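Please open the model in your viewer and keep the selection panel at hand. The tour visits a pair of helices and then a sheet.

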Amino acid sequence: MPKVWIKNTAELAVSETRKKALQIVSAGLDAINTPEVIRSAVKMDGNFLSIRDEKIDLKKIRRIIVVGFGKAAAAAAYELEKIMGDRIFGGAVIDLTAFGLKRIRGFKGTHPKPSQANVDATEKIVELAEGISASDFVIVISSGGGSSLLCWPKEEFEQSAKLYDEFLHTGGNIEELNTIRKHISQIKGGGLAKLFYPAKIIGLIFCDIPGGKCNKVASGPTFKDSSTIADAEKILKKYGLNGFYLNETPKEDLYFKNVLNVPLVTNETALNAMAEKGRELGFKPKILSSEIYGTAEETISDMQNSIDGSNMVVAGGEIKLVVGGKGGPPGRASLDGVGKGGRNQYLALKATKTIKEDEIFISFASDGMDNSDAAGAIVDSLTLEKIKDKNLDVKEHLDKYDTYNFFQKTGDLIFTGPTGANVADLMLLLKE
């Protein structure tokens with residue numbers, strides 16, 4: 001039986017085109033469904049474990065250890081336990097949700113800001129490296145959210161919390177943020193590979209970075225890092241950030257010779273599935289980009305311009321959004337007066353200004369949590385009617401970033417709950 005992703009489908013699907021739009025969204029979520037992804041990629045055949053094209057003879061392995069971090073970590077670990085059973089010696093994963101794991105210990109951390117809980121959980125991963133040998137095999141689950149959840153030592157937590165608060169107001173992108181994160185950590189930027197050397201390591205990568213840049217996921221704990229302290233310093237200087245103490249990431253090839261990283265899903269996986277579902281429903285889909293990183297206005301304009309000659313456009317990535325409020329200097333505003341909602345709801349509310357009578361627009365977070373318990377929002381002519389009927393002030397809600405409460409009044413929020421996956425944000429524009 002197909003999984004029902006959108007919990008409030010009945011309330012949202014009040015027109016035929018809306019119903020089709022929600023089916024397209026669901027197809028994207030089906031394609032990145034973590035348990036299904038693991039089941040298709042990982043197989044056991046007697047003493048042989050296959051992970052995509054890699055085949056491992058378990059008779060030559062002393063211990064199998066599973067570690068993971070991010071919003072897909074617990075669901076992936078749960079499936080690995082079902083597939084591999086008591087062949088797993090032990091492990092630890094850090095996620096936002098708890099699963100009924102048996103041989104792998106599950107820890108609940110915080111996101112987007114790290115906390116002491118994240119440090120304590122990461123320490124359990126570090127402890128698993130004690131006594132590691134070349135005959136051990138480590139499976140590492142890396143997924144979106146891991147840059148916050150994987151946090152060690154304590155000094156990283158203290159710096160990372162400060163970095164998150166300050167970087168939020170710069171307009172900088174996730175790659176810049178993660179470059180700095182690598183250089184305030186002992187475990188990111190290849191640090192985990194060094195920690196578990198000389199064991200054989202396979203990284204299972206659930207990519208949330210626009211454009212499928214898997215080495216950036218969770219700030220690349222199992223990838224050799226090409227960035228340097230100088231790169232991190234340049235970004236800090238660019239945005240006027242001070243008070244951070246940087247260290248170099250491992251640069252020796254030795255630590256990565258036994259590492260194989262296997263990309264399992266990217267946002268292109270979801271975009272292709274959405275396009276295919278659109279074709280099934282009679283649309284002519286166009287994938288605009290998997291690397292969206294423009295302002296809300298630019299993103300909506302690009303999608304509306306691209307729909308000429310087509311009647312469906314999908315895109316992935318995230319919008320550039322500098323969050324501010326009252327009480328701070330220009331560009332460094334505090335969060336006073338800022339309302340509830342995330343990038344997707346903000347983008348959807350911006351779309352109400354230019355949406356045409358025959359268009360439907362959806363933006364949603366693939367992890368199901370757009371800085372709130374809503375994944376995103378849907379906007380069309382019905383939304384515009386409700387805005388007019390309820391006399392809602394779009395500009396006021398945009399200025400306050402209070403998009404959740406706005407769409408709660410129009411009834412256009414999309415609720416999925418945590419999806420156990422994360423491939424960045426996904427956007428859909430349909431022309432009826």
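Select helices α12 (residues 296-306) and α13 (residues 343-351), whose crossing is right-handed, the near helix being turned clockwise from the far one by less than a right angle. This is a predicted model, in which local features need pLDDT of at least 70 and side-chain atom pairs count only at pLDDT 80 or more, while totals for chains, interfaces and linings use all residues. Residues are numbered from 1 along each chain as its sequence is written, and side-chain values use heavy atoms, with hydrogens and water left out.

The axes of α12 and α13 come within 9 Å and cross at roughly 60° (lines fitted to C-alpha atoms over the stretch in contact, with angles from 0 to 180 degrees between N-to-C directions).

Now show side chains: Ala296, Glu297, Thr299 and Ile300 in α12 meet Tyr346, Leu347, Lys350 and Ala351 in α13, with contact meaning heavy atoms within 4.5 Å. These residues divide into five nonpolar, one polar and two charged, where Ala, Val, Leu, Ile, Met, Phe, Trp, Tyr, Cys and Pro count as nonpolar, Asp, Glu, Lys and Arg as charged, and the others, Gly among them, as polar.

Next, select the open sheet of three strands, ordered β1-β2-β3 with antiparallel pairing (at least two DSSP bridges between two strands). β1 (42-45) and β3 (54-57) stand at the edges with a single partner strand each, so one side of each lacks a neighbour in the sheet.

Key: Helix = DSSP H or I, 4+ residues; strand = E, 2+ residues; numbered from the N terminus.
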